[in-house]
Amino acid sequence: MADIVKINKDMMIGEVLTKYPQTKSVIEKYFGGGCFTCAGINMESLSFGAMMHNVEPETLVNELNAAITKGN
């Protein structure tokens, strides 16, 4: 069984959403719905988004990884 490549704080938000669509609810929870129409998601890392939304990057990454684990 192949290991899941874990999401990390340096990944681009758009990359995470594309690779792991099941993370959408977590992104929306912390960043809001406007994130999905913002062009910045392809240039901004999870850690940058977390900083901009006053979210602890580790908390965000842990929940994103939990979302992809549940999806498998």
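Where is the place of Asn 54? Asn 54 sits in the loop between helix H3 (46–52) and helix H4 (57–70), and the tour will return to this loop at its end.

**Before starting**

This is a predicted model, in which local features need pLDDT of at least 70 and side-chain atom pairs count only at pLDDT 80 or more, while totals for chains, interfaces and linings use all residues. Residues are numbered from 1 along each chain as its sequence is written, and side-chain values use heavy atoms, with hydrogens and water left out. Helices (H or I, at least four residues) and strands (E, at least two) are DSSP runs, numbered from the N terminus.

**Stop 1: helix H4**

Next, select Leu 60, Val 61, Leu 64, Asn 65, Ala 67 and Ile 68, which are the buried residues of H4. Here buried means under 20% relative accessible area, exposed means over 50%, and partly exposed lies in between (1.4 Å probe, protein chains only). Viewed down the axis of H4, these buried residues fall within an arc of 155°, so they line one face of the helix. The arc is that of the directions from the helix axis to the C-beta atoms. An α-helix has 3.6 residues a turn, so residues three or four places apart point the same way. On the other side of H4, Glu 58, Thr 69 and Lys 70 are exposed. The cover over the buried residues of H4 includes H2 and H3.

**Stop 2: Asn 65**

Remain in H4 and select Asn 65. This residue counts as buried, at 12% relative accessibility. A polar atom of the Asn 65 side chain lies 2.8 Å from the backbone nitrogen of Ile 7. A polar contact is a pair of N or O atoms within 3.5 Å; within protein, one must be able to donate a hydrogen and the other to accept it, and residues adjacent in sequence count only if both atoms are side-chain atoms. Neighbours within four places in sequence aside, Asn 65 is in contact (heavy atoms within 4.5 Å) with Lys 6 and Ile 7.

**Stop 3**

Move to H2 and select Val 26, Ile 27, Tyr 30 and Phe 31, its buried residues. They cover an arc of only 105° around the axis, which puts them on the same side of H2. These buried residues pack against H1, H3 and H4.

Which residues touch the most other members of the largest nonpolar core? Among the 19 residues of that core, they are Ile 7, Ile 13, Ile 27, Phe 31, Leu 46, Leu 60 and Leu 64. H1, H2, H3 and H4 each supply at least two residues of this core. A nonpolar core is a set of buried Ala, Val, Leu, Ile, Met, Phe, Trp, Tyr and Cys residues joined through side-chain atoms within 4.5 Å. Not counting residues up to four places away in sequence, Ile 27 touches residues including Ile 13, Leu 17, Leu 46 and Leu 64.

**Stop 3: Thr 23**

Select Thr 23, in the loop between H1 and H2. Thr 23 is buried, at 0% relative accessibility. The Thr 23 side chain reaches the backbone oxygen of Tyr 20 at 2.7 Å.

**Stop 4: the salt bridges**

How many salt bridges are there? The count comes to two, where a salt bridge is a side-chain nitrogen of Lys or Arg within 4 Å of a carboxyl oxygen of Asp or Glu. Select Lys 19 and Glu 15, whose closest N and O atoms are 3.2 Å apart. They are four residues apart in helix H1 (residues 13–19), and are thus separated by about one helical turn.

Then select Lys 29 and Glu 63, whose side chains meet at 3.0 Å, N to O. Lys 29 lies in helix H2 and Glu 63 in helix H4, so the pair ties together parts that are 34 residues apart in sequence. Lys 29 is exposed at 54%, whereas Glu 63 is partly exposed at 24%.

**Stop 5: two positive phi angles**

Just after H2, select Gly 32, which takes a positive phi of about 90°. Finally, return to Asn 54, where phi is positive, about 55°, although Asn 54 is not a glycine. Most residues other than glycine have a negative phi. Asn 54 is exposed, with a relative accessible area of 75%.
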